[in-house]
Amino acid sequence: MSGKDFMENNKAGIGGVPATAPIGAGPYASCSVSDTASYTTHTRTVKVPGKLYILGEYAVVDGYPAIIAPVDRYLTVTVSGCTVTSYGREDSRDDAMTDASVRGGSEAFARGSDTLSASANASAEAVISSSLFPDEECRIPLNRFIQGASFYGEVSSSIRTHTDRGHMAKVGAAACVALEYLSEKSIPLQPCTVAVDSQLDDKNSGRKYGLGSSGAAIVGVIKGILEFYADLYPAVSRETFVNELVVYKLAALALLALGDNGSYGDVACCSYCRPVYYVRPDMQWLEDHANLPVAAVLNSEWPKLQIRPLTISQNITFIIGWTGDPASSAELVEAVGSYKRVCPDDFEKYCRGVAQCADIFARCCTGLRTADVQHALAAISDASQLMHGLSDAVEKYRYSSDGSAGLSGAQEASIKIETDTLKELIDIARRYGLAGKVSGAGGGDCGIAAGADLTRDIIRNMQGSWEAAGIIPADFTVMRG
């Protein structure tokens with residue numbers, strides 16, 4: 001099945017359920033298959049935090065280290081499924097054949113059987129819905145994962161099977177990669193529903209904060225599915241397929257399937273739910289191994305990959321300010337990419353500088369001495385200056401390359417990493433003795449202020465100055481680990 005076919009099936013509905021059917025429609029979306037059979041519903045819910053970059057923006061895509069931290073705002077994924085526990089009349093057994101097959105597969109798996117029965121009904125599906133797109137759903141046929149007829153086995157590459165079209169493509173890719181991995185582990189699959197609910201965007205306007213909701217959704221779907229099956233098959237050690245590194249690698253493979261060429265740092269932070277020191281894997285190696293089975297890629301050492309969980313000192317306080325404007329990340333990344341191609345030495349100098357800041361912060365962030373804390377805060381301040389220089393350089397390059405008279409005010413603003421509002425956020429933070437910095441790609445979204453041993457008055461007064469400048473103090477904060 002090609003990526004186009006996959007997306008067309010998601011639009012049209014699979015297993016005889018029309019695309020216009022409400023979410024939850026279909027014979028395996030609920031437990032009402034037969035009113036003469038008894039069912040047990042199993043539900044697993046996982047919470048995945050959003051993320052903010054502390055250090056390393058843009059450089060991380062070129063293989064330099066970054067510091068990324070979770071925030072106490074979450075995306076929730078709930079996975080639910082049904083199994084038959086008893087039957088009523090004899091003729092009710094046909095109605096529940098698939099659930100009985102799943103139960104038989106579970107029992108065979110627990111006994112260590114070499115051959116596991118797969119779902120007998122071709123319409124068995126995993127159905128994914130999201131609160132972000134209530135009128136859409138993704139329906140994945142489970143018979144694509146039966147041994148010998150793998151979803152990935154029908155294409156030339158075992159990973160590249162999806163396109164980036166459609167709102168549900170990312171969570172669909174995440175679910176498929178997780179289900180393929182479980183299938184390769186000989187774990188019987190069963191019909192289930194996967195519901196995604198995000199609190200990572202502004203609840204009033206729906207505008208994005210820049211907390212990595214897409215990455216969190218990918219991680220949440222993968223982690224939810226793995227946890228769901230770990231509950232169903234306790235004979236399998238949870239650490240075998242539900243640890244943080246496995247979740248990250250599956251999320252990275254889902255992004256690779258979608259053609260994402262970013263750093264995957266957001267899914268690293270969301271997978272570990274802790275601040276991390278992160279260096280992305282060798283992307284050429286990952287590309288070269290994309291035709292291997294999912295489990296084989298996961299069991300390999302990924303060259304250059306580093307994910308080191310950190311604990312940030314309690315003496316360091318982070319305060320987050322939101323500009324109220326979503327970032328134009330695609331244009332910014334394109335602009336920085338163009339600048340990097342024309343001025344590679346200058347961009348590398350920026351990367352080496354922020355890499356040094358990340359290393360200093362990682363060494364000092366756990367320290368209790370005043371000197372350690374001050375070094376960590378100085379690293380943030382130095383990185384902020386480096387990003388300010390990058391912002392100016394990219395803006396000047398883009399402006400001159402497009403012609404001084406060719407840019408409108410809106411176009412000019414769209415290529416600024418440090419917008420006027422973000423500059424004001426940083427300047428106000430510095431006036432109160434804090435280190436201020438853009439978080440993420442810039443162009444909008446959030447900025448951070450960090451300080452040591454801050455009093456409530458200092459925090460309240462600085463936030464008041466932010467509000468006077470049109471900056472909204474966020475009602476979430478950085479999790480220290």
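Predicted model: local features only at pLDDT ≥ 70, side-chain atom pairs only at ≥ 80, totals over all residues.
Let me begin with Leu422, which touches Thr323, Ile417, Val438, Gly442, Gly443, Gly444, Cys446 and Gly447, leaving aside residues up to four places away in sequence, where contact means heavy atoms within 4.5 Å. Residues are numbered from 1 along each chain as its sequence is written, and side-chain values use heavy atoms, with hydrogens and water left out.

Leu422 has its place in helix α14, residues 420-431; helices (H or I, at least four residues) and strands (E, at least two) are DSSP runs, numbered from the N terminus. Leu422 is buried, with a relative accessible area of 0%, and here buried means under 20% relative accessible area, exposed over 50%, and partly exposed in between, with a 1.4 Å probe and protein chains only. Leu422 and Asp445 are 23 residues apart in sequence, and their C-alpha atoms lie 8.7 Å apart in space.

Turning to the sheet, four strands form an open, antiparallel arrangement in the order β9-β10-β8-β11, two strands being paired if DSSP finds at least two bridges between them. The edge strands, each pairing on one side only, are β9 (435-438) and β11 (472-473). Strand β8, residues 316-322, is joined to strand β10, residues 446-452, by seven bridges, and the two run antiparallel, with Trp322 standing opposite Cys446 in β10. Helix α15, residues 456-468, packs on this sheet, touching β8, β10 and β11, and its direction makes about 20 degrees with that of β8; axes are lines fitted to C-alpha atoms, for helices over the stretch in contact, and angles run from 0 to 180 degrees between N-to-C directions.

Elsewhere, strand β3, residues 125-130, runs parallel to β5 and is joined to it by five bridges, and Ile128 stands opposite Val194 in β5. Strand β5, residues 192-198, has a covered face that includes Val194 and Val196, and an uncovered one made of Thr193, Ala195 and Asp197.

Finally, the aromatic rings: a search of the whole structure finds seven aromatic pairs. Tyr229 and Tyr233 form one that is stacked, 6.2 Å centre to centre with 10 degrees between the planes, given that rings of Phe, Tyr and Trp (its six-membered ring) pair if their centres lie within 6.5 Å, with planes under 30 degrees apart counted as stacked, over 60 as edge-to-face and the rest as tilted. Tyr229 is buried at 0% relative accessible area, and Tyr233 is buried at 2%.
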